[in-house]
Amino acid sequence: MNGLDTALTFLAYTCVILFTLLTGFIIKLAVDLMGLIKSYRELADTINEELEPTLTELKKALDNINSLALATDKQFSAIKTSLGSAYNLAYAVGTKVTGGAFSLLSGFLAGLKLFLKK
């Protein structure tokens, strides 16, 4: 055997060994990926099972918060209406009292002027 034949034989054996190692690593990688996929499926199933009741409770809580907000809005509207009515009433009474006081004061001053002229 000459040197070239030895080198080619060594190269062939090296390629077979490297191909075998590479195939082994690829098979190991495929097995690990299958395990990872199985774990992800179990995780997705667990999350799906836990998510349903959580979403139901969250929906109930949001409905309660919404009804509380609506009730509070109604109460504020009632208070606003009451305060608006009280303000309008106070304004009307104040206007009439001011007008009556002004009329009373003008009448008193007119009478005083007549009395002082004589």
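At 52% relative accessibility, Glu50 counts as exposed, a label given to residues over 50% relative accessible area, with buried meaning under 20% and partly exposed lying in between (1.4 Å probe, protein chains only). Patches are built from residues with over 30% relative accessible area and no salt bridge, with like charges joined within 9 Å and nonpolar side chains (Val, Leu, Ile, Met, Phe, Trp, Tyr) within 5 Å. The model behind these values is predicted, so to speak of local features takes a pLDDT of at least 70, side-chain atom pairs count only at pLDDT 80 or more, and totals for chains, interfaces and linings use all residues. Residues are numbered from 1 along each chain as its sequence is written, and side-chain values use heavy atoms, with hydrogens and water left out.

As for the overall picture, the secondary structure comes to one helix and zero strands; helices (H or I, at least four residues) and strands (E, at least two) are DSSP runs, numbered from the N terminus. The radius of gyration of the protein is 48 Å, well over the 13 Å that the globule rule gives for 118 residues, so the protein is more spread out than a compact globule. That radius is taken over C-alpha atoms, and the rule is 2.2 Å times the number of residues to the power 0.38. Along its principal axes, the C-alpha trace spans about 160 × 40 × 10 Å. Buried residues make up 0% of the 118 residues. The protein exposes about 11000 Å², and carbon and sulfur atoms supply 73% of that; accessible areas come from the Shrake-Rupley method with a 1.4 Å probe, and for residues only the protein chains shown count as cover.

Next come the nonpolar side chains. Leu29, Leu33, Leu36, Tyr40, Leu43, Ile47, Leu51, Leu55, Leu58, Leu62 and Ile65 form a nonpolar surface patch, with about 1100 Å² of accessible area together. One of them, Leu51, lies in helix H1, which covers residues 3-117, and counts as partly exposed at 40% relative accessibility. Leu83 also belongs to helix H1 and is exposed, with a relative accessible area of 57%. From Leu83 to Val93, ten residues apart along the chain, the C-alpha atoms are separated by 15 Å.

Then there are the charges. The mean positions of the 11 positive and 10 negative charges are 40 Å apart. Lys and Arg count as positive and Asp and Glu as negative, while His and the chain ends are not counted; each charge is placed at NZ of Lys, CZ of Arg, CG of Asp or CD of Glu.

With a salt bridge taken as a side-chain nitrogen of Lys or Arg within 4 Å of a carboxyl oxygen of Asp or Glu, the count comes to two. Asp32 pairs with Lys28, the closest N and O atoms being 3.2 Å apart. Both lie in helix H1, four residues apart, about one turn of the helix, and Asp32 is partly exposed at 41% relative accessible area. Lys59 pairs with Asp63, with 3.5 Å between the closest N and O atoms. Because Lys59 and Asp63 are four residues apart in helix H1, about one helical turn separates them. Lys59 counts as exposed at 53% relative accessibility, whereas Asp63, at 42%, is partly exposed.
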